Amino acid sequence: MTIRIGTSGFSYDDWVGPVYPEDLSKREWLPYYAREFSTCELNFSYYRIPDRRTLGAIADKVPDDFLFSMKAFRGITHDRDEPEIHMEQFKAGLQPLREQGKLACVLAQFPHSFHATPENRAYLERVREGMGDLPVVVEFRSREWISKRTFDQLKALDLGFCCVDQPRFDSLVPPVAVATGPVAYVRFHGRNREKWWQHDEAWERYNYSYSDEELAEWVPKIEALDGEAPLTLVYMNNHWQGQAVDSARQMKELMKDH
């Protein structure tokens, strides 16, 4: 199997106690995480384009076979003003991970307002061209994109499709499992319906603990994805107080039984 399971991020103060020992220094958090998991999705790159020095230092803290996924900078996915400039800078910053063979892919997460219009379909082509030969996975938030036309376009552009587990709202992407590129990708956001649209703090949306039964729904889907793509990545984004680590452990156990 070429399935790797990890979490969306590792650097959370509220993980001290539930995940990290109280006396563990912050610089040791990633090596500690990497003892148990072989991949991590890094989200800080959404807020600022990572520089070579930062990612070089991060890469040095994990084993040789560890893989990172990097969320694309918001100037590429949300602002979308002169994205080519941002993509060039973004690619340059990723070089240390690429040189060490520790880059799994880039996650381009588009907002709910990114609808399935002709203009936005054309924008996906700009992303593919701007990212060059980097493996890129696209996460849509709007259900409008869930169609054969979209999956065919992603395959033609060699872009991966991000499968998601989240609250079952009619406007959101349902829990479909499709592989369209060299990297199959699944993100678990939790199913906190009450706090999804209305919350005081961002973490409230992802405050959710999965049951074994809920995660087990995905086991056959993940196995099918594994048969379609050379690499399958599964990330838990229900990160509040280390719930993501618990869910990742649960999923690893469930996958072992199959």
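Okay, let's start with a helix pair: α4 passes α6 in a right-handed crossing. Keep in mind this is a predicted model. Helix α4 covers residues 83-93 and helix α6 residues 118-131, and they pack at an angle of about 35 degrees with their axes 9 Å apart. Who's touching whom? On the α4 side you've got Pro83, Glu84, Met87, Glu88, Phe90 and Lys91, and they meet Tyr123, Arg126, Val127, Gly130 and Met131 in α6. Sort that contact by class and you get six nonpolar, one polar and four charged residues.

Now the strands. There's a closed barrel of eight, running β1-β2-β3-β4-β5-β6-β7-β8, with parallel pairing. The twist averages 25 degrees from one strand to the next. Look at β1, residues 3-8, and β8, residues 231-236: they run parallel, joined by five bridges. Ile3, for instance, has Thr232 in β8 as its bridge partner.

On to the rings. How many aromatic pairs does a search of the whole structure find? It's 18. Take Tyr20 and Tyr32: edge-to-face, 5.8 Å centre to centre, 75 degrees between the planes. Tyr20 sits in the loop between β1 and α1, while Tyr32 is in helix α1, so the pair ties together parts twelve residues apart in sequence. Tyr20 counts as buried, at 1% relative accessibility, and Tyr32 as partly exposed, at 27%.

Then there's Phe140 with Trp145, which is stacked: 4.3 Å centre to centre, 10 degrees between the planes. Phe140 is buried at 1% relative accessibility, and Trp145 is buried at 0%.

Methods:
Residues numbered from 1 in each chain as written. Predicted model: local features only at pLDDT ≥ 70, side-chain atom pairs only at ≥ 80, totals over all residues. Heavy atoms only, no water. Axes fitted to C-alpha atoms, helices over the stretch in contact; angles between N-to-C directions. Helix = DSSP H or I, 4+ residues; strand = E, 2+ residues; numbered from the N terminus. Left-handed = near helix turned anticlockwise from the far one by under 90°. Contact = heavy atoms within 4.5 Å. Nonpolar A, V, L, I, M, F, W, Y, C, P; charged D, E, K, R; others polar. Pairing = 2+ DSSP bridges. Phe/Tyr/Trp six-rings, centres within 6.5 Å; stacked < 30°, edge-to-face > 60°. Buried < 20%, exposed > 50% of the residue type's maximum accessible area, 1.4 Å probe, protein only.
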